[in-house]
Amino acid sequence: MAEGYVREDGRKNDELRSPIKADVGVVPNADGSAMFQIGKTIAIAAVYGPKKMHPQHSQDPEKGTLRCTYNMNSFSVEDRIRPGPSRRSTEISKITEWALNPVVMLEKYPNEVVDVHINIIQADAGTRCAGINAAAMALADAGIPMKELVSSISVGKMDKTLVLDLDKFEDSEFEDGEGSTDIPITFTHSGEITHIQLDGKISSEQLKEVVEMAKGACDKIYEIQKEALKKSLMAGEGEK
Ligand code: ADP
């Protein structure tokens, strides 16, 4: 790992933020729901469906459609942001669909749609990854068949140093040397990448290191997601 950059919050370069919390069934009226928190970033995902797709011309007779809506709440950042969709939220909604689509068994739901609403209630960078982590748990909670869970994290390059799980300062305010590059990655538990974004300069050797760091982190996140799902299943059994 390249040396040089020292993290302001005292974390090691390969250390995730804390706390990391996951909870399932947080929106009782939804068909499935989950919360995922990492540091000061908190995402809530609620799943509705499967239900008939309207309008009819959007129906796919071969498989169902996964429709994700990412929304960063007005009060999620220090300066209140304008409510409603933006170019950024539209892009992140699409990315979330692409990250989840490979594991969701949509062939079971021809002509239907599964809606996933992701709300970021507190944003301190890494919100798309937190949203994907919450959405994967919410889909499982809704009983939508999935080949496996996905877990997501971002790796950053601060000047030349690789660090895991950027916070807002590292993501947006660090400008020394080559500045900061944010690389969000989503993994299936078996190690397939379903999503990677890279907007900046990086060598192929460092990119390999990025992927390894992200995989190690996603293995930890997977365990937390699995535990939250297990806890909710056991609570459900207790209620019967
Ligand atoms: P991600 O949250 O997935 O890292 P970005 O890199 O676009 O996505 O955003 C990084 C962080 O910048 C967000 O988590 C949030 O804290 C902040 N941010 C993004 N958009 C806005 C905005 N319109 N107003 C204020 N803060 C924002």
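Among contacts in the protein chain (heavy atoms within 4.5 Å) between residues at least 6 apart in sequence, 69% join residues at least 24 apart. The structure is a predicted model, in which local features need pLDDT of at least 70 and side-chain atom pairs count only at pLDDT 80 or more, while totals for chains, interfaces and linings use all residues. Residues are numbered from 1 along each chain as its sequence is written, and side-chain values use heavy atoms, with hydrogens and water left out.

The protein chain contains four helices and nine strands, taken as DSSP runs numbered from the N terminus (helices: H or I, at least four residues; strands: E, at least two). Their order along the sequence is β-β-β-β-α-β-α-β-β-α-β-β-α. Of the 240 residues, 46% are buried, that is, under 20% relative accessible area with a 1.4 Å probe, protein chains only. The C-alpha trace spans about 55 × 45 × 35 Å along its principal axes.

Two packed helices are described by the angle between their axes and the distance between the axes. The axes of H1 (residues 87–100) and H2 (residues 127–141) come within 10 Å and cross at roughly 45°; axes are lines fitted to C-alpha atoms over the stretch in contact, and angles run from 0 to 180 degrees between N-to-C directions. In this contact, Arg88, Glu91, Ile92, Ile95, Thr96, Ala99 and Leu100 of H1 meet Thr127, Arg128, Ile132, Ala135, Ala136 and Leu139 of H2.

Technical notes. Buried < 20%, exposed > 50% of the residue type's maximum accessible area, 1.4 Å probe, protein only.
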